[in-house]
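Thanks for coming. I'll walk you through one fold today, and I'll keep it short.

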Amino acid sequence: MKRVITFGTYDVFHIGHVNILQRASALGDYLIVGVSSDALNFKKKQRYPIYKENDRVHIISSLKCVGEVFVEESLEKKLEYINEKKADLLVMGDDWTGKFDWLRPWCEVLYLPRTPSISTTELIEIARVR
């Protein structure tokens with residue numbers, strides 16, 4: 001059984017999120033998703049998500065392509081999460097290309113192209129302007 005793991009914030013859930021999760025799921029038998037905690041998101045982006053982490057976990061958990069969801073507390077714990085979840089493949093969006101290549105001795109690493117013309121940051125900015 002091939003176990004696939006991916007990570008993200010998944011705030012203001014949109015079609016790009018659906019696309020990458022479905023594509024990641026199709027690469028194995030079981031998809032595990034790490035949802036960034038509110039604190040981790042603030043550390044990465046200097047802002048809190050629009051949706052609280054419990055709501056984001058609930059949204060991702062409701063998708064039929066997702067087998068398991070957990071809260072990601074730290075970017076530095078990627079190897080720990082991969083080992084703990086017994087993941088065979090790490091899938092990330094191509095905006096992270098190269099950043100997780102160091103994990104290749106422990107699992108396969110694949111960067112998938114993002115859905116063009118959509119990002120959570122852009123959606124938030126559009127909503128703020130209106």
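Let's start with a quick one: is Cys107 buried or exposed? Cys107 counts as buried, because its relative accessibility is 6%. Buried means under 20% relative accessible area, exposed means over 50%, and partly exposed is in between, with a 1.4 Å probe and protein chains only. Cys65 counts as buried too, at 19% relative accessibility. And the disulfides? A search of the whole structure finds zero; the criterion is a pair of cysteine sulfur atoms within 2.5 Å.

Now the ground rules. This is a predicted model, so local features need pLDDT of at least 70 and side-chain atom pairs count only at pLDDT 80 or more, while totals for chains, interfaces and linings use all residues. Residues are numbered from 1 along each chain as its sequence is written, and side-chain values use heavy atoms, with hydrogens and water left out.

On to the overall layout. The protein chain has five helices and five strands. Both are DSSP runs, numbered from the N terminus: helices are H or I with at least four residues, strands are E with at least two. Along the sequence the pattern is β-α-β-α-α-β-α-β-β-α. Of the 130 residues in the protein chain, buried ones make up 45%. Then take contacts between residues at least 6 apart in sequence: 62% of them join residues at least 24 apart. Contact here means heavy atoms within 4.5 Å.

Next, the sheet. Its five strands run in the order β3-β2-β1-β4-β5, the sheet is open, and the pairing is parallel. Two strands pair if DSSP finds at least two bridges between them. At the edges sit β3, residues 68-72, and β5, residues 108-112; each pairs on one side only. From one strand to the next, the twist averages 25°. For angles, axes are lines fitted to C-alpha atoms, for helices over the stretch in contact, and values run from 0 to 180 degrees between N-to-C directions.

Let me pick out two pairings. β1 and β2 are parallel over six bridges. There, Val4 stands opposite Leu31 in β2. Strand β4, residues 89-93, pairs with β5 in the parallel sense over five bridges. In that pairing, Leu89 has Glu108 in β5 as its bridge partner.

What packs on this sheet? Helix α1, residues 15-26, does, touching β1 (3-8), β2 (30-36), β4 and β5. The direction of α1 makes about 145° with that of β2. Helix α3, residues 53-61, also packs on the sheet, touching β2 and β3. The direction of α3 makes about 165° with that of β2.

How covered is β1? Six of its six residues are buried. That goes for both faces: Arg3, Ile5 and Phe7 on one side, Val4, Thr6 and Gly8 on the other.

Back to α1. This helix has 12 residues and reaches 16 Å from first C-alpha to last, close to the 16 Å expected at 1.5 Å a residue. The expected span is 1.5 Å times one less than the number of residues. Its buried residues are Gly16, His17, Ile20, Leu21, Ala24 and Ser25. They sit on the same side of α1, because they cover an arc of only 160° around the axis. That arc is taken from the directions from the helix axis to the C-beta atoms.

Now some individual residues. Asp38 lies in helix α2, residues 38-45. Asp38 is buried, with a relative accessible area of 15%. Leaving out residues up to four places away in sequence, Asp38 touches Tyr48, Pro49, Tyr51, Lys52, Glu53 and Arg56.

Leu75 is in the loop between β3 and α4. At 24% relative accessibility, Leu75 counts as partly exposed. With residues up to four places away in sequence not counted, Leu75 touches Leu40 and Lys44. Leu75 and Phe7 are 68 residues apart in sequence, yet 9.5 Å apart in space, C-alpha to C-alpha.

Last, backbone angles. Most residues other than glycine have a negative phi. Gln46 is not a glycine, but its phi is positive, about 60°. Gln46 is in the loop between α2 and α3, and at 55% relative accessibility it counts as exposed. Lys86 also has a positive phi, about 55°, without being a glycine. Lys86 is found in the loop between α4 (78-84) and β4, and it counts as exposed at 62% relative accessibility.

That's my tour. Over to you.
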